[in-house]
Amino acid sequence: MHSHSARHAAGDSRRVQVAAALVIVPIALLTLVSLVWLWPSSEPIETEQVPGVTQFEGRVTAIEREACAQELPDDVNGCGSAEVELSEADDSDRRVEAPLPNGPGAPEVDEGDDVVMIVSETPDGEVYSIVDHQRASELWILLGAFALALVAFGRWRGLTALVGLAVTFGLLVFFVVPAILAGEPPLAVAIVGSSAIMLTVLYLTHGFSLSTTVALLGTLASLTLTAALSALAVAGLHLSGITDDISTAVGMTHQVNMEGLLLAGIVIGSLGVLDDVTVTQASTVGELARANPAYTVGQLYRAGSRVGRSHIASVVNTIVLAYAGSALPLIILLVAASEPLGGVVTDQVIAQEIVRSVVATLGLVAAVPITTGLAALASRRAAEVEETARA
């Protein structure tokens, strides 16, 4: 009798796994086909270059200061010139002079600083200018500390999280951005790229389990809803996606559909928060089902929803603060202008950030009931299988 129950339970367990595979495999195949279809060609992307301007890296070896003429700005480095040793191999012994940079955003330089320079061809000859600090070494140190801390605390999970982060970065750099530059629809590229990231990173980080599959399905459903709501909001509010010099330059120089790029940014930006919520909900419901095998689907759903509501309340504040932090200089500028609140809020720049926050929040709110319901059904079935195996 026990042998018969065990075989029956094993068969049920396999059926649960097969049912999950029947859902995930078509999604994975569709994502793979879409990746191949939208993958940009290997031909280099032609971009408009500023004529007569070349960039170099170098190190400041000496600074000579002098009194400033009244008409020259001196608010950062004062007046004078810097001697810079260029670091390019063919110019290893070449030293050039450049005026000390001043004005808003100018880098503050000192002897020994690694800097980025541009040289412009003018009728009077080459003119060198210091435009930024060269901070590659410092960034590598920071990234190394980040990786070390993550692996030291998370151990194997931390290592898989790092690999997942590398996969995410690779898909963004080698697929999403080149495909958009190649003229593919930004929203379609973002959805396909997000699906590839989900399929790879969730299983890589959390393992092949029923709860991970449920989290993946919940994330995919919520992300699809987020994309649809984004399209409706952007069209309804007549947002163009062009709000500053950078977006203008991207649209004009690379002929990118900026409205589509805005939608793509909302989708990709929502993904990181969505998978956090869906993984938490799926894992929570799974643990509840194991701790309370007698719980019904309805009880699991209600218990999981209570956890989800608490999670949403904190994450929504995180989303709004993240967008507010990124747009803080703009908010300060608009508030300082003493315009009426209604005029400030309806300005396209602010309206665009509001759409990002609201749409991401709506997708997040939808993720809780979707994932919790799926997890309750799957966990109840898995619990029944375990009960049968023990009988």
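Predicted model: local features only at pLDDT ≥ 70, side-chain atom pairs only at ≥ 80, totals over all residues.
Residues are numbered from 1 along each chain as its sequence is written, and side-chain values use heavy atoms, with hydrogens and water left out.

Let me begin with charges. Side chains of opposite charge can pair when their charged atoms come close. A salt bridge here is a side-chain nitrogen of Lys or Arg within 4 Å of a carboxyl oxygen of Asp or Glu, and a search of the whole structure finds five of them.

In one of these, D114 pairs with R59, and the closest N and O atoms are 2.8 Å apart. D114 lies in strand β4 (residues 114-122) and R59 in strand β1 (residues 53-66), so this pair ties together parts that are 55 residues apart in sequence. When I name helices and strands, I mean DSSP runs numbered from the N terminus, with helices being H or I of at least four residues and strands being E of at least two.

Next, E83 and R95 meet in a salt bridge at 3.5 Å, N to O. This pair links distant parts of the chain, with E83 in strand β2 (residues 79-86) and R95 in strand β3 (residues 95-99), twelve residues apart. E85 joins in as well, as E83, E85 and R95 are linked in a network of salt bridges.

The salt bridge of R290 with E287, whose closest N and O atoms are 2.8 Å apart, sits within helix α6 (residues 258-291), where the two residues are three apart, about one turn of the helix.

Now to the rings. A pair of aromatic rings is described by the distance of the centres and the angle of the planes. Rings of Phe, Tyr and Trp (its six-membered ring) pair if their centres lie within 6.5 Å, and planes under 30 degrees apart count as stacked, over 60 as edge-to-face and the rest as tilted. How many such pairs does a search of the whole structure find? There are two aromatic pairs. The rings of W39 and F175 have centres 5.5 Å apart and planes at 25 degrees, so that pair is stacked. W39 is in the loop between α1 (2-38) and β1, whereas F175 is in helix α2, 136 residues apart. W39 is partly exposed at 44%, but F175 is buried at 0%. The rings of F56 and Y128 have centres 6.5 Å apart and planes at 45 degrees, so this pair is tilted, and both F56 and Y128 are buried.

Finally, the backbone. Most residues other than glycine have a negative phi. R155, in helix α2 (residues 136-181), has a positive phi of about 55 degrees although it is not a glycine, and R155 is exposed at 65%. H238 also has a positive phi of about 55 degrees, and H238 is found in the loop between α4 (210-236) and α5 (245-254).

Methods
Buried < 20%, exposed > 50% of the residue type's maximum accessible area, 1.4 Å probe, protein only.
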